[in-house]
Amino acid sequence: MPGVSSYEEDELLTAIAANDTAAYSHLYDVYYNTLVYFSLSIIQDQHQAEDIATESLLKLWQSPNRFESIGKLRAYLFTLARNASLNYLKHLRVREKRSLEISEQEQHDDNSIASLMAESELMRLIYQEIARLPDNYRQIVELLYLQDMPSADVAAQLDISMENLRQRKARAIKELKTVLLKKGVSSQFLSILFF
Amino acid sequence: MPTDDFTSMDHAFDERIVRLLHQQLTGEVLTAGEQQELDTWKNRSLSNTALSEKINDEAAVQQMLQVWHQIERNREQNKIRFLSMLQDLQHSSISKRPLLRFLSHRVFRYAAAVALLIGVATFLWVNQRKPAGPGNNMAAAGKNMPIAPGRDGAILTLADGSTMVLDSAGNGVLANQNGTSVVLQNGQLAYNTGDGAAGAPVYNTVSTPKGRQFKLILPDGTKVWLNAASIIRYPTSFEGKERNITLQGEAYFEVSQDAKTPFKVTTDEATTIEVLGTSFNINAYTNENIIRTTLLDGAVRINAYHQTATLKPGQQAAVKPSKGQMVVLNAVNTDQVMAWKNGLFNFDDASLDEVMRQLERWYDIEVVYEKGIPTAHFGGEINKQNTLQDVLHILEGSKVDFQLEGRKLIVKP
């Protein structure tokens with residue numbers, strides 16, 4: 001994830017209302033992945049979810065509102081993404097005539113949507129920890145953990161020996177640990193990550 | 001039943017909960033107060049309880065991060081697209097448009113009426129991840145999954161900013177735009193002005209993502225075949241002395257005759273193609289460094305970077321925005337230019353990266369070169385209805401090796 005430029009809340013809200021392109025670029029960096037993840041969890045189609053997230057941000061651009069807080073803006077974006085996702089599902093349902101298969105538990109009610117919003121934002125925070133690692137370590141974590149590639153394939157792709165890979169993986173974990181410890185975090189996260 | 005919007009939600013509370021969950025996941029010790037706050041949240045709904053349990057399950061966390069990672073991998077490219085769409089909107093509207101119809105209650109009635117398909121409880125990956133072990137992981141499973149070819153489909157953005165997914169299944173009137181009805185017939189979009197005079201024109205946009213193509217008929221009867229990863233913007237009724245539209249990506253046009261009102265296509269700030277009843281193809285992808293306009297029939301005039309050229313059938317104007325240059329090529333291979341519309345890839349004398357960019361757009365994949373771009377040239381035609389694996393199999397005859405991991409294609413020398 002690229003470095004996200006910082007904005008004062010008020011400055012950002014004004015820039016967004018004024019359709020400042022740089023502010024939208026920033027907004028994209030902050031919300032895009034979260035919105036895709038959120039929509040994807042509802043509709044199970046990454047392609048469409050990406051379109052929905054993009055469309056939601058474009059709609060914000062077209063809206064004449066100046067939001068009074070980032071919280072309201074966030075709520076608005078999630079609302080757009082939720083509606084588009086539900087609409088898409090409705091569309092699918094009509095097409096596939098699958099209405100009979102829907103059960104009580106499968107409803108997206110306010111509670112499940114709210115919890116999904118929390119999950120989407122949580123994922124962003126966790127992924128950031130990995131994204132902040134130095135490149136050579138991050139690469140290892142991405143291949144082994146995020147892409148679930150077998151160690152032998154990772155070694156082949158990076159053109160290093162298995163022994164070399166093991167060492168680099170150990171250093172990556174150490175690095176991650178240092179980063180987390182600086183934040184006053186215990187290493188339980190690492191055991192979740194790697195073992 | 002879903003509420004209208006979330007603007008009444010307590011953002012500060014949500015933010016705090018997310019932070020506490022993050023702390024819990026990273027093993028930080030919570031204060032008694034924090035723990036209590038988290039417990040209150042957890043007991044508020046079954047979904048919250050489920051989420052709280054999920055983040056303590058390492059396999060589930062890994063899956064969630066893998067989903068995120070897939071999103072991240074397309075992010076840069078999608079951002080470029082997003083910014084170019086913004087630019088489009090910027091050029092098209094001086095004043096902001098009214099608030100979207102999207103927030104009207106109609107939509108919410110839908111949402112409420114729809115008992116939805118897939119629950120959050122079924123979560124992100126249907127397949128339960130098996131314990132890690134050689135040959136027993138998701139990447140390996142992905143390798144064997146055939147990647148299906150693209151198909152018909154697009155997204156229509158109406159004048160008020162609301163969007164609709166278009167595909168081959170639906171039929172009927174989709175919307176009314178100032179007296180003009182927008183109709184979907186057998187998977188193609190058309191406009192009916194009806195008997196009454198149309199109101200002031202408003203703009204609609206049709207965009208295809210990677211892996212989709214689409215056909216539409218503009219309000220003047222002009223037929224447009226839109227290739228994958230392309231965007232076309234046009235008024236719902238053509239007024240005035242010119243018919244102006246904008247295009248990004250690739251499209252083939254059969255312009256309906258109207259000598260009095262020239263049809264003009266703008267592809268970037270400096271390039272306009274002016275036509276009078278004719279058929280031609282424009283390839284103006286931002287990731288191809290040349291904008292190619294190929295004339296099949298009739299006559300077109302290209303204005304690009306202060307230069308002008310008039311094409312005869314069979315000629316192609318190649319505009320290089322980076323250099324602000326235009327060259328006219330004679331006797332181009334129009335079969336090759338039109339192959340995409342006719343359901344084919346034509347790789348005659350194409351370089352490897354040209355071929356790969358076409359595959360990226362049609363199969364919605366990402367191509368990575370392990371060691372630079374090998375110099376390989378290809379020939380022949382391949383049916384676009386093949387799966388990606390079949391196409392790669394055919395291409396492998398040309399001294400290149402491919403390795404597919406999910407939707408990432410690695411090219412090896």
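This is a predicted model: local features need pLDDT of at least 70, side-chain atom pairs count only at pLDDT 80 or more; totals for chains, interfaces and linings use all residues.
Let me turn to helix α5 of chain A, residues 110-131.

Helix α2 of chain A, residues 21-43, comes within 9 Å of α5(A), axis to axis, and the two cross at roughly 135°. The angle makes α2(A) oblique to α5(A). The crossing in which α2(A) passes α5(A) is right-handed. On the α2(A) side, the residues that meet α5(A) are A:Asn33, A:Thr34, A:Tyr37, A:Phe38 and A:Ser41. On the α5(A) side, they meet A:Leu116, A:Met117, A:Ser120, A:Glu121, A:Met123 and A:Arg124. Sorted by class, this contact of α2(A) with α5(A) holds five nonpolar, four polar and two charged residues.

Next, the contacts of α5(A) with chain B. With helix α1 of chain B, residues 11-25, the axis of α5(A) comes within 9 Å and crosses at roughly 50°. That angle makes α5(A) oblique to α1(B). Here α5(A) passes α1(B) in a right-handed crossing. From α5(A), the contact is made by A:Met117, A:Ala118, A:Glu121, A:Leu122, A:Leu125 and A:Ile126. From α1(B), the contact is made by B:Asp14, B:Ile17, B:Val18, B:Leu21, B:His22 and B:Leu25. The class composition of this contact is nine nonpolar, one polar and two charged residues.

Which residues of α5(A) meet helix α3(B)? They are A:Asn111, A:Ser112, A:Ser115, A:Ala118 and A:Glu119, and they meet B:Ser47, B:Asn48 and B:Leu51. As to geometry, the axes of α5(A) and α3 of chain B, residues 46-54, come within 8 Å and cross at roughly 30°. The two helices are therefore roughly parallel to each other. The crossing of α5(A) past α3(B) is right-handed.

I now move to two loop residues of chain A. A:Asp148 is not a glycine, yet has a positive phi of about 60°. This residue is found in the loop between α6, residues 135-146, and α7, residues 151-158, of chain A. Is A:Asp148 buried or exposed? A:Asp148 is buried, because 22 other C-beta atoms lie within 10 Å. The other residue, A:Asp159, also not a glycine, has a positive phi near 60°. A:Asp159 sits in the loop between α7 and α8 of chain A, the latter being residues 162-182. A:Asp159 counts as exposed, because it has 9 C-beta neighbours inside 10 Å.

Let me close with chain B. The secondary structure of this chain comes to nine helices and 26 strands. Among its 413 residues, 33% count as buried. Where contacts in chain B join residues at least 6 apart in sequence, 49% of them join residues at least 24 apart.

Within chain B, helix α8, residues 352-363, has twelve residues and reaches 16 Å from its first C-alpha to its last, close to the 16 Å expected at 1.5 Å a residue. The buried residues of α8(B) are B:Leu352, B:Val355, B:Met356, B:Gln358, B:Glu360, B:Arg361, B:Trp362 and B:Tyr363. What covers them includes the strands β20 (344-346), β21 (350-351), β22 (366-369), β23 (377-378) and β26 (408-412), together with helix α9 (388-395), of chain B. Just after α8(B), B:Asp364 takes a positive phi of about 55°.

Lastly, B:Asn342 lies in the loop between α7, residues 334-338, and β20 of chain B. B:Asn342 is exposed, because 12 other C-beta atoms lie within 10 Å. B:Asn342 and B:Asn383 are 41 residues apart along the chain, and their C-alpha atoms are separated by 9.2 Å.

Technical notes. Residues are numbered from 1 along each chain as its sequence is written. Chains are lettered from A and ligands numbered from 1 in the order in which they are written. Axes are lines fitted to C-alpha atoms, for helices over the stretch in contact, and angles run from 0 to 180 degrees between N-to-C directions. Helices (H or I, at least four residues) and strands (E, at least two) are DSSP runs, numbered from the N terminus. Angles under 35 degrees count as roughly parallel, over 145 as roughly antiparallel, 65 to 115 as roughly perpendicular and the rest as oblique. A crossing is left-handed if the near helix is turned anticlockwise from the far one by less than a right angle, and right-handed if clockwise. Two residues are in contact if their C-beta atoms, placed from the backbone, lie within 7 Å. Ala, Val, Leu, Ile, Met, Phe, Trp, Tyr, Cys and Pro count as nonpolar, Asp, Glu, Lys and Arg as charged, and the others, Gly among them, as polar. The expected span of a helix is 1.5 Å times one less than its number of residues. A residue is buried if 20 or more other C-beta atoms lie within 10 Å of its own, exposed if 12 or fewer, and partly exposed in between; C-beta atoms are placed from the backbone.
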